[in-house]
Amino acid sequence: MPHSPAVEVRGLVKSYDGRTVVDGLDLTAEAGRVTAVLGPNGAGKTTTVECCEGLRSPDAGRVRVLGLDPVADGAALRPRVGVMLQDGGLPSGVRARDVLDHVARMYAHPASTDALADRLGLGAFARTTVRRLSGGQRQRLALAVAVVGRPRVVFLDEPSAGMDPQARLAVWDLVRELRDEGVAVILTTHLMEEAEDLADHVVVVDHGRVLAEGTVADLLAGARADDARPGAPGDPRTTLVVRTERPVDAADLRRALGDGLAVEQRSATSLAVTGAVGPRTLADVTAWLAAHDVLATRLDLGRRTLEDVFLDLTGRTLR
Amino acid sequence: MTDPTPAAPAPPTAGLAAPPVRRVLAQAGLETRTILRNGEQLLVTVVIPVLALVGLVRGTFVEIDTAGASRVDFLTPGLLALAVMTASFTSQAIATAFDRRNGVLRLMATTPLGRGGLLAGKVLGVLAVELVQVVLIGAVAALLGWRPDPAGVALALVGLVLGTGAFTALALVVAGTLRAEAVLALANLLLLVLALGGGVVVPAADLPAPVAAVATWLPSGALGDVLRGTLLDGTLPLVPALVLAAWTVGLGALAARVFRWH
């Protein structure tokens, strides 16, 4: 039998009232991997996963989950797919634990609801109705509901929204465990940290299309086409972000640093030095600051983050 | 002799749905418990019909032409009709509208329950609430001296099922197209209007002429007439039964067309 990915989307198109939300999108997600669909609000992430979940029918293109059509083969597919919706989808008048037990009853061999409740800390609010839960508690319950049927494919739409840091770590642990058990996990997010820490494969989406994809390392290595690539192959492309107590002149610093480095004014008191940043560069920048009697309030030296890549791809303007 | 096919994979236990009957019954149980645990829903579906029965039978402040029957025999069928409307229309419209807004319909549609199972569960849940209503109202009415025509009890069930179908379909039409807050207002308002002028408790024929002409052809008036005809006289009145059946089919088709899950 030829290898087929857990989720395969080809040329997906979906419009609402003549407005195209997904515009020829391709997506592949493998079993035993976490695939993050990363994009700004309105990029088409939720519509894409809803087409994979059988909740919406594509206008054009082909969607296959475990080799099946999510709409036509829904009955065969639903027992093997877990879903966490962005808006929860939990009945508001029902107690938290009753919701989990109820959904478990839909499966012949569900996971232990006791173990799952323990794992995600649902015990503290087991007898609270959904409408009285905090955002983070709802998210944890929704995740438990998504995995209680022991699915082979899990779709998580913005799983960490509204969670406190402790809950987020518990969720990320569970997601990693699912992956290690061979489950295909597809999550949408606009949290860079989430994609960077969790995803084996990142698909950056905007305006209903894929802008870039690959591992986090691939995306970080792939520089903007219009940037000259500094240094020898393997030279880490680095960014030095300098925050200052008062405004400074970026152009003057750029001249002081010499060739091979670019200086970008990010705000009145924030500069980014990019290129072949080395030990000498750091000394030069601080010397220049000393010469101008300006105190640096913060120096961040590091590789480009996924956030930099993301902003480069989707643009820095608000929309 | 050991297994002749070594290395046969263990039967996969994950990824199997529970049997359909169990899924639908689980959903029906959840729907029923949710309605009966919700204070406002309990008030509308159980408390108000029972209080209205006691008040109208015992109170002498409303003049009713009972056409020779006892007050309780004449009023109980209409209050059963009203109860059916509260459970299948008002309560179901509001519950479904908020489930739709909160994404509950979509989430359950992705589980093995599916959309069809969800609808079946909802209808069974309505019937379970109606069973509670009929038992309670019937018991209170019996204490007040209600003696329904035994020949009509089975026929009355036909009216009950048809009425449930028509009003559940109407609930889905409203809940599947309008905003939840609008449904909340409309479902209560429509219940009040139909209860007073829809031929439910007071027969359409006893209403002022222009209202009567309309009420006779409404599902509320037809349901009231069917239940009165069967429980008072022991016969199924044909025209109201056909009117009710037509509403059930028509509203069912409309619901299938216009209901939106998102």
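Reader: In which helix of chain B is B:Ala52 found?

Author: This is a predicted model, in which local features need pLDDT of at least 70, side-chain atom pairs count only at pLDDT 80 or more, and totals for chains, interfaces and linings use all residues. Residues are numbered from 1 along each chain as its sequence is written, chains are lettered from A and ligands numbered from 1 in the order in which they are written, and side-chain values use heavy atoms, with hydrogens and water left out. Helices are DSSP runs (H or I, at least four residues), numbered from the N terminus. B:Ala52 lies in helix α2 (residues 39-58) of chain B.

Reader: Is B:Ala52 buried, partly exposed or exposed?

Author: Buried means under 20% relative accessible area, exposed over 50%, and partly exposed in between (1.4 Å probe, protein chains only). B:Ala52 has 23% relative accessibility and therefore counts as partly exposed.

Reader: At what angle do α3(A) and α5(A) pack?

Author: Axes are lines fitted to C-alpha atoms, for helices over the stretch in contact, and angles run from 0 to 180 degrees between N-to-C directions. Helix α3 (residues 96-104) of chain A meets helix α5 (residues 135-147) of chain A at about 15°, their axes being 9 Å apart. The two helices, α3(A) and α5(A), are therefore roughly parallel (angles under 35 degrees).

Reader: Which residues make the contact?

Author: Contact means heavy atoms within 4.5 Å. From α3(A) come A:Ala96, A:Val99, A:Leu100 and A:Val103, and from α5(A) come A:Leu141, A:Ala144 and A:Val145.

Terms used
Angles under 35 degrees count as roughly parallel, over 145 as roughly antiparallel, 65 to 115 as roughly perpendicular and the rest as oblique.
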